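Let's take a walk through a protein, from the overall picture down to single residues. Have the model open beside you as you read.

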Amino acid sequence: MKGDVEKTKKLIEHNYYLRSKSPAIFFDRDPNEEVTKKSYFAVEMVPLPGLTPEKYKVLCFRLVNKNPRTQNSIEESKSFFMMTDVRFTYNDLQENFDELGNKDHDDKSDKHDIENEEQEEEDDLSSLANGEIHIVDIANYTLRHLASMSLMVMRTYMNYLQEAYPVRLKAMHIINCPTHLNHMVAITKPFIREEVFNMIHFHIQGFETLYEHVPRNMLPMDYGGKAKSLADITTQWWEIVKKNRAYIMNPKFWNVHKTEEVRSRWSWW
């Protein structure tokens, strides 16, 4: 929010508002559930190691499940938001995901965090990315996938990413575009703000144009980069999510008690 306190407050309030409005996605979640794990690996959605020269974090999205009949948009969204909630407990500069362990999100660690908040503030700020870039591989997406997706889930998902996601989105790159791209754009565009749509770059042929925006060496080997495969990075992040299961499932981190002031503002949404 570039230091704007009021805008920051609104973003935080909207974040928790969406959580309370969609408990099936944000509350009822457990990484040990088989259906959740299956959905997580059906759509690979993970941050890549390192930052771009502009100090941007890069996230990759790729549909693995080619069968629209077995698509579960609620569980897929739930898995993504579990990963992002865990991700935001770590700094953006982390290079080696193998070293990421379980964080103790208990009362003692909360007290310790408060006592050391001032000392760590400068380090915390320096470890934050200046923005975020999304790379979306739509090679396996068909119109049947879009047709089978819940409109409620799509609306919640896009609302969260555009209005309540605590990052500064800088660009979105769509790769492996199919021949029915225009139809896909026509279906999804009503859910995308014009400001965000103007950030989208469509890469029709190969990855050469993608390399002009994202350093090739930090991309997964699937896209000609030097990082691990997207499947390996996805597996690493799943282990991180599972280690943080207690944090994800503890309601004290996700439920809020609305004051009258906040309740009156929420009534406008």
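Predicted model: local features only at pLDDT ≥ 70, side-chain atom pairs only at ≥ 80, totals over all residues.

Helices (H or I, at least four residues) and strands (E, at least two) are DSSP runs, numbered from the N terminus. Residues are numbered from 1 along each chain as its sequence is written, and side-chain values use heavy atoms, with hydrogens and water left out.

Now for the big picture. The protein has 14 helices and five strands. How much of it is buried? Here "buried" means under 20% relative accessible area, "exposed" means over 50%, and "partly exposed" is in between (1.4 Å probe, protein chains only). Of the 269 residues, 46% are buried. The accessible surface (Shrake-Rupley method, 1.4 Å probe, with only the protein chains shown counting as cover for residues) comes to about 14,900 Å², and carbon and sulfur atoms own 52% of that. Next, contacts, meaning heavy atoms within 4.5 Å: among those with a separation of 6 or more, 78% are between residues 24 or more positions apart.

Let's head inside. A nonpolar core is a set of buried Ala, Val, Leu, Ile, Met, Phe, Trp, Tyr and Cys residues joined through side-chain atoms within 4.5 Å. The largest one here has 62 residues, and F80, I135, I138, V214 and W237 have the most contacts inside it. Which helix gives the most to this core? That would be α8 (residues 151-164), with seven residues.

So α8 deserves a look. It has 14 residues and reaches 18 Å from its first C-alpha to its last. The expected span is 1.5 Å times one less than the number of residues, and for α8 the 18 Å is close to the expected 20 Å. Its buried residues are V153, M154, T156, Y157, M158, Y160, L161, Q162 and A164. An α-helix has 3.6 residues a turn, so residues three or four places apart point the same way. The cover over the buried residues of α8 includes α1 (5-21), α2, β2 (56-63), α4 (73-87) and α10 (194-197).

L11 sits in helix α1 and is buried, with a relative accessible area of 14%. Leaving out residues up to four places away in sequence, L11 touches M1, E163, A164, Y165 and P166. N15 is in helix α1 too, and at 7% relative accessibility N15 counts as buried. N15 and Y165 are 150 residues apart in sequence, but their C-alpha atoms are 7.1 Å apart. Beyond its neighbours within four places, N15 is in contact with Y160, A164 and P166.

What about the aromatic rings? Rings of Phe, Tyr and Trp (its six-membered ring) pair if their centres lie within 6.5 Å; planes under 30 degrees apart count as stacked, over 60 as edge-to-face, and the rest as tilted. By this rule there are 16 aromatic pairs. Take F26 and Y160: their ring centres are 5.4 Å apart and their planes are at 35 degrees, so the pair is tilted. F26 is in helix α2 (residues 23-26) and Y160 in helix α8, 134 residues apart, which makes this a link between distant parts of the chain. Both residues are buried. They also belong to one aromatic cluster, formed by F26, F61, F80, F81, F88, Y157, Y160 and Y165.

A charge sits over a ring if NZ of Lys or CZ of Arg is within 6 Å of the ring centre and within 35 degrees of the ring normal. The charged end of R19 sits over the ring of Y16, 5.9 Å from its centre, and K189 does this with F197, at 4.5 Å.

Finally, come back to K55. Its phi is near 70 degrees, a positive value in a residue other than glycine, and at 25% relative accessibility K55 counts as partly exposed.
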